[in-house]
Structures are given as C-alpha cells and as structure tokens.
Amino acid sequence: MRLSVGALVILSLSACSTELVAPFINVDGGGADSHSVKDGEPPETWAIAVGAGDGESRARAIAVDGSGDIWFAGKYSEAATLGTVELVTSPYHADRVFLGKISPAKDLYWANSVGPTYKPNLQESFYSETINGIVFIEEGALFVGTSGASYAKYGSIPYARSAGEAYCLSVSSAGEPVELFSIEGSGGRNSGNDITSTPDGDIVYVGTYRGGENKIGKIELPDSGNDADLFVVKASPSGDVRWTVWGASSFYDGAYDVATNVHGEIYVLGAFQSHAKFGSIELEGSQEKEARAHFIAKLSADGHYLWAIATLDVA
C-alpha cells in the first residue's frame, strides 16, 4: 500500500493488550510494512492506514460514539482516498476536509469530503480548510473547524461568507452534512479549535478570532486588532448561542482545547503572550513578544471565569 506523508493511521488496542501493532510507514513512498512488539495477539487489536494518492493528508480528530463506531476527520490537498472511496479532488492545491466512520471491526461505513469546490480568482483569499474536533449529538455529530474559502460547499450547503471563519458543521449518522453555523466576521482568519458537550445537552466550542466586525449569534466580539484573541461559546446543537466570553492579551491569546465536568463547569487550555485578562482575572507571562505562556482557565456553567493559572513560558 502506497501512503503519502501525513497519512492517517488508526490503531485499536484491547484493554488487556500489551502489544502495539501498527504499519511502519515509509515516508519516502516505499509502502507500509507490519511492525509489532508483542506478547499476545488479541483479536480486538488492529491498525488501518488511510492514504492519499497525491499531495498531503493530515489526521485532525477522532471520537467513538455510543455504539462503539469510530468517527474521524482530517484534511488533504489534491487527490485522496478513504478506503476504496475516492474523494473530490481539491482545486488549486486548496485543502479540503475528509470525514469518515468505521465500525469497531474496521469496516468503513462511509467517507465524505467538504470544502473548496473550484479554482478561485487569484485575488480571492483562501486559507487552510480544517476540522479540529468532534462531538456527538442526537442526530449524528458536530465537527468544529475553519473555512478555507468563501467558495466552499458542505454537501448541499453552499458557503458564501468570508474565508478563514470558524464554523460548526452537523453531520448525520449516514455522513451527510445537515447544517452549518459559523462566526460571522471580516475574514480575519478565525479558527474553531475544539468542541465538547455539556451535561444539559448543549455544546461548548473554543477558538481564536482576529480583527473587528466578528459576531457570534447576536453577540459582537471586541476588536482584537492585529493579534488574535480567544473565544468560548456555549450553544445548542443547532447553533442557538447561550453565551459567549472572550479573553484578551497584549499580543496573542488563543483557546486550543476544552473539557467539561459533570456539573457543566468548563476548562479551557490555551496560550497567551505577555499579559492576559480573563474577566477580572489577570495573568502575567514573558515580556518577550514571541514567547508564549500556556494557561488553564475554569468557567462556570453560565460562562463566568472562576480562575486561571499560567504555565511556564515557551519561546
């Protein structure tokens, strides 16, 4: 099997296994060989690789639903395949997103792709289309990501706003795009970075935005200037916004990952430069502009910052 650099590999390990069996991928294009270290070979242990014929592919997200089925997503450029499914060729080297669902026995239920559909005008901005997180809802799943272009299409859903906007895309259990909602903005390279569910059935998603004229639902975000600021949004699975909060720093701040506990309280992991403010909570980092400190912030279920701590600076 011939794989491209960055091909997706999915491993399944049994809970009692002390073995790791996975393809050894030759990134020079020489194929894949079985490579394992083992003291047993339980039937639950397997590995599959998803290759791209041309260009580059990158795995971005994976999650297991209540039936044990595995949903995964990533991005590719040019031509790509998922199992035996040939995906739509990406135009003008613009990234497209691939989505897939397999059974615990690694049978592929479906594969799909979304994103740019035609070669843009050379003056038209376009960015890297990507999916960064998956969460399950009653009808299927929600994917959070970033639009690559204003000329993208998600199933039958055309995307007519700016490139570089954060979005959530709902997908049915059969793999069909159902609904898309996004952060309406000025095309300032916004990014949806992670998503999770809450005990009351809502979702929380996080990311970064840039510039002015950015709006989540009816809530206008403060102008971030030339640097990025973070956002945290709680919404219904259909996109009705419950609340939105943001952070601010002297230069850059962004939210990368999010988790909730059984009480609906929210934990956000991210980074900032120099000085950051989360509600009334202020953190100090390095005064070097290129150095970033990482933080963890806790929010109440109704969107108030409870505390925030900073880690060591990272250049």
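Tutor: Contact, or touching, means heavy atoms within 4.5 Å. This is a predicted model, in which local features need pLDDT of at least 70, side-chain atom pairs count only at pLDDT 80 or more, and totals for chains, interfaces and linings use all residues. Residues are numbered from 1 along each chain as its sequence is written, and side-chain values use heavy atoms, with hydrogens and water left out.

Student: Which residues does Phe-295 touch, not counting residues up to four places away in sequence?

Tutor: Phe-295 touches Leu-230, Gly-254, Val-268, Leu-269, Gly-270, Ala-271, Phe-272, Phe-278, Leu-283, Ile-309, Ala-310 and Thr-311.

Student: Why is Ser-191 called buried?

Tutor: The relative accessible area of Ser-191 is 16%, and buried means under 20% (exposed is over 50%, partly exposed in between; 1.4 Å probe, protein chains only). Ser-191 therefore qualifies as buried. Its place is in strand β17 (residues 191-197).

Student: What makes the pairing of the Ser-191 and Thr-146 side chains a polar contact?

Tutor: The two side chains are joined at 3.3 Å, and the term requires a pair of N or O atoms within 3.5 Å (within protein, one able to donate a hydrogen and the other to accept it; residues adjacent in sequence count only if both atoms are side-chain atoms). The side chains of Ser-191 and Asn-193 form another polar contact, of 2.6 Å.

Student: How do you know that β11 and β12 pair?

Tutor: Seven bridges join them, and pairing asks for at least two DSSP bridges, so the strands pair. They run antiparallel and form a hairpin with two residues between them. Ile-131 has Gly-145 as its bridge partner in β12.

Student: Why is β11 described as largely enclosed?

Tutor: Seven of the eight residues of β11 (residues 130-137) are buried, so the rest of the structure largely encloses this strand.

Student: What makes β5 and β14 edge strands?

Tutor: The open sheet has the order β5-β6-β9-β10-β13-β14, with antiparallel pairing. β5 (57-64) and β14 (157-158) each have a single partner strand, so one side of each is left without a neighbour in the sheet.

Technical notes
Helices (H or I, at least four residues) and strands (E, at least two) are DSSP runs, numbered from the N terminus.
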